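Trainee: I have a model open and want to learn how to read it. Where do we begin?

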Amino acid sequence: MDRKQTFERLVETLTSDERRQMLARISKSFQGASEPIYLAGVSARFDPEKEYRSLPWWQRLWVALVSIFRARPRDEIMSEFAMRATVESIRESAGDILDQRKRLLLVPFRDHIAGIGEAIPVIRDSFAAVSGPNRSSFVVYLAAMRIALEHRELMLLTDSDAIASREGTNEAAVKRQVRQELDKRMESIPIRSRSDMMMTVRVVDLLYSLTQFPFQTVLECFEAGGGNDVGLCSFDYVSRHLDSLATTVVALKDAIDPTALEAVILYAGSDTAKTMTGEELSRWVHVEMSKMTGALTRIRDHTRALELEKVLRVVHDDLSFEVAQAAGGEDWFLVYKRFLGERLTRGVAEHRIRRRFRELSVTAMHLFSHLLQPLPGYPGESDDKPVRFFWSAAVMSLFFQKFYDAMRPVLKAVLVQGEFYKPGNRAQFNDAYNELSNFGVQWGKVTTDLESGGALRGLIDGMHDAEQRRAVVEELENRVLAIRTALLRSVDMLSNLMHGILYAQPGSTFDSLSNFGEIGGRRNAELLEEMKGVAEQLASVRGLIVDLASVEEEAEALGAFVGNG
């Protein structure tokens with residue numbers, strides 16, 4: 001019943017030893033890529049008074065004289081000197097990427113932006129695959145790699161089998177007990193491990209944000225930003241975009257752990273990797289890692305050359321300008337805890353469904369004097385998805401084998417000989433009897449189609465295209481659902497009518513027969529006993545199908561198997 005999630009299957013792709021060996025073999029590819037994308041190199045908020053006091057006495061004197069003769073505040077003069085020093089620092093480290101006087105960004109700056117934009121497509125799809133709606137499951141997958149021991153214990157704690165093994169049947173009490181233990185174990189995860197996880201998730205989050213930045217829009221600014229020559233762009237025209245870019249870039253100050261890149265590659269390429277052998281997987285990861293680390297190296301080189309923090313102080317003409325760093329990774333613990341809480345809720349629900357299914361299996365065995373077994377040929381799963389109505393089909397199969405032929409003569413005797421007090425009850429009985437007869441015809445077709453060599457069996461077994469195979473399975477599910485719906489309607493009506501015939505009370509909706517004591521002639525007493533038996537069977541079958549349908553619907557909502565598959 002427990003269906004493995006994507007991250008659980010991925011974790012099992014490689015053992016820890018295999019992963020270490022693989023990473024050792026490709027170490028040359030990621031040595032450079034492990035360095036941070038950005039290196040902090042800007043001083044704290046500019047303090048003109050502090051800067052003035054740090055000058056030699058003769059420079060302080062010169063500043064004082066300039067302030068007096070030019071009638072300018074000393075702080076303004078210090079800011080001007082500091083801004084010139086900042087521009088000179090940019091020129092020394094990055095070359096001529098801007099013109100402060102004309103307030104223009106120059107061609108080399110544009111080229112660095114273009115260089116980052118050209119490298120981004122190499123990593124965009126991979127990081128998109130671990131973000132957005134997939135981010136939570138990726139965080140869990142990463143936890144399985146980074147805090148493997150703790151993760152394994154927490155997964156076992158919240159497993160439905162482990163929950164089932166606990167004493168007591170009070171579902172709420174069991175859930176509360178496991179949750180308390182879960183909280184305690186999560187709090188015991190070492191601080192260092194939590195910090196490493198946060199840093200890793202942060203890097204992944206920020207790299208994803210970087211892949212979403214509109215580099216092409218910035219490049220277009222250089223074509224229409226007010227420069228006299230192609231490739232120049234006004235500070236004012238592009239400042240908003242640079243602020244946004246810097247928010248992400250400046251936050252990328254942590255080292256990039258190679259195992260994080262491996263996790264991104266494996267998770268993003270899970271469909272590709274799942275059919276590979278260990279050796280094939282190792283080669284594939286080597287190639288993908290080389291592509292990713294190569295792109296990150298280009299991004300790093302161009303990003304560092306931009307000197308964004310210093311450039312933005314010049315662009316905004318504000319030496320105290322500080323970039324607000326983007327957030328990322330801080331919520332990993334809450335995401336992980338929420339996943340485990342949802343897994344606990346699911347585990348408890350699965351335990352409840354299993355217990356209820358076992359009870360219904362016993363009920364079915366007593367009712368039909370036969371073990372509840374799958375309908376021959378009915379698939380339990382298709383392409384890792386449970387096929388719906390698996391056990392409903394099994395119950396209908398037993399009903400058809402054990403009760404259908406035996407109860408029809410009794411029902412037909414009522415149909416032919418019964419004289420209903422109420423004309424409406426007669427019409428209801430006719431319709432219900434005909435619907436039950438039609439069930440026999442339709443069910444016979446399904447069982448024939450599912451036999452070896454049957455139409456549906458051949459299609460399901462021989463269909464190589466997944467979409468076409470799923471379409472055939474859905475056709476089978478729809479047929480079984482339609483038959484179950486019609487059977488329930490028929491059995492429900494016949495059960496009510498037979499109960500009314502046998503035990504009618506004055507004013508009841510379902511009345512008796514006017515010839516109740518004469519129907520069947522000399523076999524009247526015997527027929528009445530047979531009618532009682534049929535009425536009990538109809539009520540029992542109806543209750544079993546309804547209860548089992550409820551269990552199947554709850555399991556389907558969980559995406560779980562109920563014993564099938």
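Mentor: Begin with burial. A residue is buried if its relative accessible area is under 20%, exposed if over 50%, and partly exposed in between. This is a predicted model. Of the protein's 565 residues, 47% count as buried.

Trainee: How many helices and strands does the protein have?

Mentor: There are 24 helices and five strands. Now look at contacts in the protein with a separation of 6 or more: residues 24 or more positions apart account for 78% of them.

Trainee: Next, helix packing. How do I read a crossing angle?

Mentor: Angles under 35 degrees count as roughly parallel, and 65 to 115 as roughly perpendicular. Take helix 9 (residues 148-157) and helix 19 (residues 332-368). Their axes come within 9 Å and cross at roughly 30°. Helix 9 and helix 19 are therefore roughly parallel to each other. The crossing of helix 9 past helix 19 is right-handed.

Trainee: Which residues make the contact of helix 9 and helix 19?

Mentor: Helix 9 supplies His 151, Leu 154 and Met 155. Helix 19 supplies Tyr 336, Phe 339, Leu 340 and Arg 343. By class, the residues of this contact are five nonpolar, one polar and one charged.

Trainee: At what angle do the axes of helix 8 and helix 19 cross?

Mentor: At roughly 95°, with the axes coming within 9 Å. Helix 8 and helix 19 are therefore roughly perpendicular to each other. From helix 8, Arg 135, Ser 136, Val 139, Val 140 and Ala 143 take part. They meet Trp 332, Val 335, Tyr 336, Arg 338 and Phe 339 in helix 19. The residues of this contact divide into seven nonpolar, one polar and two charged. Note that Tyr 336 and Phe 339 of helix 19 also take part in the contact with helix 9.

Trainee: Now the rings. How many aromatic pairs does a search of the whole structure find?

Mentor: It finds 20. To class a pair, check the angle between planes: under 30 degrees is stacked, over 60 is edge-to-face, and the rest are tilted. The ring centres of Tyr 141 and Tyr 267 are 5.8 Å apart with planes at 40°, so this pair is tilted. Tyr 141 sits in helix 8 (residues 135-146) and Tyr 267 in helix 15 (residues 258-268).

Trainee: Stacked or edge-to-face: how does the pair of Phe 399 and Tyr 404 class?

Mentor: Edge-to-face, at 6.5 Å centre to centre and 70° between the planes. Phe 399 has a relative accessible area of 0%, so it is buried. Tyr 404 has 3%, so Tyr 404 is buried too.

Trainee: Where does Ser 369 lie, and what is its phi?

Mentor: Ser 369 lies in the loop between helix 19 and strand 4 (381-382). Its phi is positive, near 55°. With 64% relative accessibility, Ser 369 counts as exposed.

Technical notes:
Residues are numbered from 1 along each chain as its sequence is written. This is a predicted model: local features need pLDDT of at least 70, side-chain atom pairs count only at pLDDT 80 or more; totals for chains, interfaces and linings use all residues. Side-chain values use heavy atoms; hydrogens and water are left out. Axes are lines fitted to C-alpha atoms, for helices over the stretch in contact, and angles run from 0 to 180 degrees between N-to-C directions. Helices (H or I, at least four residues) and strands (E, at least two) are DSSP runs, numbered from the N terminus. Angles under 35 degrees count as roughly parallel, over 145 as roughly antiparallel, 65 to 115 as roughly perpendicular and the rest as oblique. A crossing is left-handed if the near helix is turned anticlockwise from the far one by less than a right angle, and right-handed if clockwise. Contact means heavy atoms within 4.5 Å. Ala, Val, Leu, Ile, Met, Phe, Trp, Tyr, Cys and Pro count as nonpolar, Asp, Glu, Lys and Arg as charged, and the others, Gly among them, as polar. Rings of Phe, Tyr and Trp (its six-membered ring) pair if their centres lie within 6.5 Å; planes under 30 degrees apart count as stacked, over 60 as edge-to-face and the rest as tilted. Buried means under 20% relative accessible area, exposed over 50%, partly exposed in between (1.4 Å probe, protein chains only).
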